[in-house]
Amino acid sequence: MELRGLGLPRLLGLLAALALLSGQVPCAFASWRPTLWPQPLSVQMTSRLLQLSPDDFYITNDPSSKAGSSCSILQEAFRRYHNYIFGSYKWQRPSARFHDKVDVEKLLVSIVLDSECESFPNISSDESYTLLVKGPVALLKANRVWGALRGLETFSQLIYQDAYGTFTMNESTITDSPRFPHRGILIDTARHYLPVKSILKTLDAMAFNKFNVLHWHIVDDQSFPYQSITFPELSNKGSYSLSHVYTPNEVRTVIEYARLWGIRVIPEFDTPGHTQSWGKGQKNLLTPCNNLREPGDFGPINPSLNTTYSFLSTFFKEISSVFPDQFIHLGGDEVEFKCWESNAEILNFMKQKGFGKNFKELESFYMQKLLDIISTVKKQPIVWQEVFDNEVKPQHGFVVQIWKADNYPQEISRVTAAGFPVIISTPWYLDYISYGQDWVKYYGEEPLDFRGSQEQKQLVIGGEACLWGEYVDATNLIPRLWPRASAVGERLWSQKDIRNVDDAYRRLAAHRCRMVGRGIAAEPLFTGYCNYGLS
């Protein structure tokens, strides 16, 4: 093996990594024992083995459940998970001595409180559940359907095939609930258009890892694929082509598919920067750059015109009706000031407002106007950290998403000390790729490792793994996300003390094979093999 282009420090790092992994012997990761990911809150598992038959086992509502046969979320989940449990494996007829023995005949699912079957999940959705696995009937209890969905995933992970090919599980009692309520994946459909099929496949994988938020960064400088009903020219002129758009029906498909998995869809329409594609279909929205670049160049949204806010008011009224989640992400990051600085009308507007040449004040003026618009449509805003850093003081509050690497624990301390909720993304930018097992780095992060009171720590509502799309399209979206994002999933779901990397490697390698068996093209962690290929 020739190690071309490797400097001594990197070579030493690789050798250290190989030494660390020397105990990780290549093996069939579909091992003869249950592997749970993310690790539940409490697992009590006995050595007593219970057997199941694909032909005789079924999942159904408990007679006492508040959710009946008309609950589409559960009925669809029952069908899916029966297929995941028995369809991912190459069925081997068990030997004669096990042929007639069936210990678990069915799983009964009981929803204790109002089921919320017809609702959309939200930030306060109850995802807790308990699971009692005994023969002949296993019982899954949850307050709401959202907890039942998470419990069905755990139940499916308890089942494995033994050396004879028999579907087997251990007698178990599991109590579980997430550590953080916001556990998200960011996808970027502006740098590269992602087909709806790829987005739905991402939602599948998210559910397998108990993520519950799809942060859909749907438009940006490069393209505007969202097809607006009110302003159709935005996508007609701003998308890569008329084939690279998300129609209203396709957006509804993504939202409803996500709902069936208990996943929220939060759209991001980032302004006033990152808006070059907006200007192609909406005249006089962007700021003309004078004596700065080529004639006809434009910068951020023009914050000095009343027509800007009339447009935004109408546009976000539409967005609020299309996307049911209570949150909308407004962006607010990386605003270029040079174009504003070159525009005489902008400078005159700033003088009238008493801003002088403080362009952060101009940006804050714009963001405050936008926040007021969002409050009128009864939505709550999420913003990137620059909005807080530039001292925007919202009347109705916002959630701050932290992404910059510079001393981000101190940033979390500042934001939470000011009383704002926080979503953490800084350590989980998955578009940064490197040789080796970078999932270990993501796994080792601790969201609450910052100076602050208990009240401040409670303001951290969760985190997101972000996969920006400059180098990602449908060909590599799934393998670049998984199983690297799985490490983030366990960090946000499981308790703080679940940190053993060796144990995590064993479970994650098996979980990766399970995802492959379910049709998720997750890349390998290291050497080894799966007992079944991509379905």
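What follows is a chat about this predicted model.

Q: Backbone first. Which residues does the cis peptide bond with omega of about -10° join?
A: That one joins Trp37 and Pro38. Pro38 sits in the loop between helix H1 (8-20) and strand E1 (42-52).

Q: And which residues are joined by the cis bond with omega about 5°?
A: Trp482 and Pro483. Pro483 is in the loop between helix H17 (477-481) and helix H18 (484-493).

Q: Is Lys210 buried or exposed?
A: Buried: its relative accessible area is 1%, and the cut-off for buried is under 20%.

Q: Switching to the cores. How many residues are in the largest nonpolar one?
A: The largest nonpolar core has 138 residues, and those with the most contacts inside it are Phe269, Phe315, Phe316 and Trp482. Helix H12 (residues 359-376) gives the most to this core, with nine residues.

Q: What does Phe269 touch, skipping its neighbours within four places in sequence?
A: Phe315 and Phe316 are among its contacts, along with Ile319 and Phe323. The list for Phe269 also takes in Ile218, Val219, Phe224, Tyr226, Trp278, His329 and Leu330.

Q: And what's in the second, separate core?
A: That core has eight residues, including Ile123, Val399, Ile423 and Ile461.

Q: Helix packing now. At what angle do H5 and H7 pack?
A: About 10°, with the axes of H5 and helix H7 (residues 248-260) 10 Å apart. Angles under 35 degrees count as roughly parallel, so H5 and H7 are roughly parallel to each other.

Q: Which residues of H5 and H7 meet?
A: From H5, Val196, Ile199, Leu200, Leu203 and Asp204; from H7, Glu250, Thr253, Val254, Tyr257 and Ala258. By class, the residues of that contact of H5 with H7 are seven nonpolar, one polar and two charged.

Q: What about H2 against H4, what angle is that?
A: Helix H2 (residues 72-87) and helix H4 (residues 145-158) pack at about 10°, with their axes 10 Å apart. That makes H2 roughly parallel to H4.

Q: Which H2 residues meet H4?
A: Ile73, Leu74, Ala77, Phe78, Arg80, Tyr81 and Ile85. Their partners in H4 include Trp146, Leu149, Leu152 and Phe155. The contact of H2 with H4 has twelve nonpolar, one polar and two charged residues.

Q: Back to H7. What span should it have, and how far apart are its end C-alpha atoms?
A: At 1.5 Å a residue, the 13 residues of H7 should span 18 Å, and the end C-alpha atoms are 19 Å apart, which agrees.

Q: Which residues of H7 are buried, and what covers them?
A: Val251, Val254, Ile255, Ala258, Arg259 and Leu260 are buried. Their cover includes H2, H4, H5, E9, strand E10 (264-271) and helix H9 (306-322). Just after H7, Gly262 takes a positive phi of about 75°.

Q: Change of topic: is Asp188 buried or exposed?
A: Asp188 is buried, with a relative accessible area of 2%. Asp188 lies in strand E8 (residues 182-188).

Q: What does Asp188 touch, not counting residues up to four places away in sequence?
A: Leu194, His217, Leu467, Trp468 and Gly469.

Q: And how far is Asp188 from Glu268 in space?
A: 9.6 Å, C-alpha to C-alpha, while the two are 80 residues apart in sequence.

Q: Last one, H14: which residues are buried there?
A: In helix H14 (residues 408-417), Tyr408, Glu411, Ile412, Ser413, Val415 and Thr416. Those buried residues of H14 pack against helix H13 (385-389), strand E15 (399-402), strand E16 (422-424), helix H16 (454-458) and strand E17 (460-467). H14 is followed by Gly419, with a positive phi near 95°.

How values were computed: Residues are numbered from 1 along each chain as its sequence is written. This is a predicted model: local features need pLDDT of at least 70, side-chain atom pairs count only at pLDDT 80 or more; totals for chains, interfaces and linings use all residues. Side-chain values use heavy atoms; hydrogens and water are left out. Helices (H or I, at least four residues) and strands (E, at least two) are DSSP runs, numbered from the N terminus. Buried means under 20% relative accessible area, exposed over 50%, partly exposed in between (1.4 Å probe, protein chains only). A nonpolar core is a set of buried Ala, Val, Leu, Ile, Met, Phe, Trp, Tyr and Cys residues joined through side-chain atoms within 4.5 Å. Contact means heavy atoms within 4.5 Å. Axes are lines fitted to C-alpha atoms, for helices over the stretch in contact, and angles run from 0 to 180 degrees between N-to-C directions. Angles under 35 degrees count as roughly parallel, over 145 as roughly antiparallel, 65 to 115 as roughly perpendicular and the rest as oblique. Ala, Val, Leu, Ile, Met, Phe, Trp, Tyr, Cys and Pro count as nonpolar, Asp, Glu, Lys and Arg as charged, and the others, Gly among them, as polar. The expected span of a helix is 1.5 Å times one less than its number of residues.
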